[in-house]
Amino acid sequence: MDPSIHTMQDFDPATYIQALVALAHIDGLFDIERDYVDAKAELLGVTPDWSAVSADLQPIAGEVSELTRRVVIRDCIVLASVDGEYSDAERAVVHRIAQWLEVDEGACDRIEDWLRRYWELLDESEALLSGFDAPYENG
């Protein structure tokens, strides 16, 4: 699919925020997670319903664009990691949300891998800018 054809008209902010709220509750709601979701919701003009969290995610993927589905998965992984750890329980829920949104497990794995590599690059950049030699493979 040509990524240039996606527009914000393809994006469903309510579903996006609903998924982030559900994930934020998995291992206890941390202030940093709530702040992350609230900031995203404010930018999107959506009010998160923190009381409407259900462990039973109803299938809705037919109504949700591919762009929304993949952004939900990406930002669920980011949200799950914002407390400094991407736990097995959080990963399982991210994959459950991926199933809920009918995102292929392989695509979910690739998004996780992309984010891991992205964070490694950020760590390397921080080390280099701080005067430390970051691990570098030249091959």
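**View 1. Helices α4 and α5 cross each other in this predicted model.** Helix α4 covers residues 88–100 and helix α5 covers residues 105–129, and their axes come within 10 Å and cross at roughly 135 degrees. That angle makes α4 oblique to α5 (angles under 35 degrees count as roughly parallel, over 145 as roughly antiparallel, 65 to 115 as roughly perpendicular, and the rest as oblique). The crossing of α4 past α5 is right-handed, a term for the near helix being turned clockwise from the far one by less than a right angle. The axes are lines fitted to C-alpha atoms over the stretch in contact, with angles running from 0 to 180 degrees between N-to-C directions.

**View 2. Here are the residues where α4 and α5 touch.** On the α4 side you'll find Arg91, Val94, His95 and Ala98. Contact here means heavy atoms within 4.5 Å. Sort the residues of this contact by class and you get three nonpolar, one polar and four charged (Ala, Val, Leu, Ile, Met, Phe, Trp, Tyr, Cys and Pro count as nonpolar, Asp, Glu, Lys and Arg as charged, and the others, Gly among them, as polar).

**View 3. Glu102 sits in the loop between α4 and α5.** Glu102 isn't a glycine, yet it has a positive phi of about 60 degrees. Its relative accessibility is 53%, so Glu102 counts as exposed (buried means under 20% relative accessible area, exposed over 50%, and partly exposed in between, with a 1.4 Å probe and protein chains only).

**View 4. Thr68 is tucked into the buried part of the count.** Thr68 belongs to helix α3, residues 66–81, and has 0% relative accessibility. Skip its neighbours within four places in sequence, and Thr68 is in contact with Asp10, Phe11, Asp12 and Thr15. Leu101 is 33 residues away from Thr68 in sequence, but C-alpha to C-alpha the two are 9.2 Å apart in space.

**View 5. Zoom out, and the chain has five helices and zero strands.** Helices (H or I, at least four residues) and strands (E, at least two) are DSSP runs, numbered from the N terminus. Of the 139 residues in the chain, 36% are buried.

**Notes.** Residues are numbered from 1 along each chain as its sequence is written. In this predicted model, local features need pLDDT of at least 70, side-chain atom pairs count only at pLDDT 80 or more, and totals for chains, interfaces and linings use all residues, while side-chain values use heavy atoms, with hydrogens and water left out.
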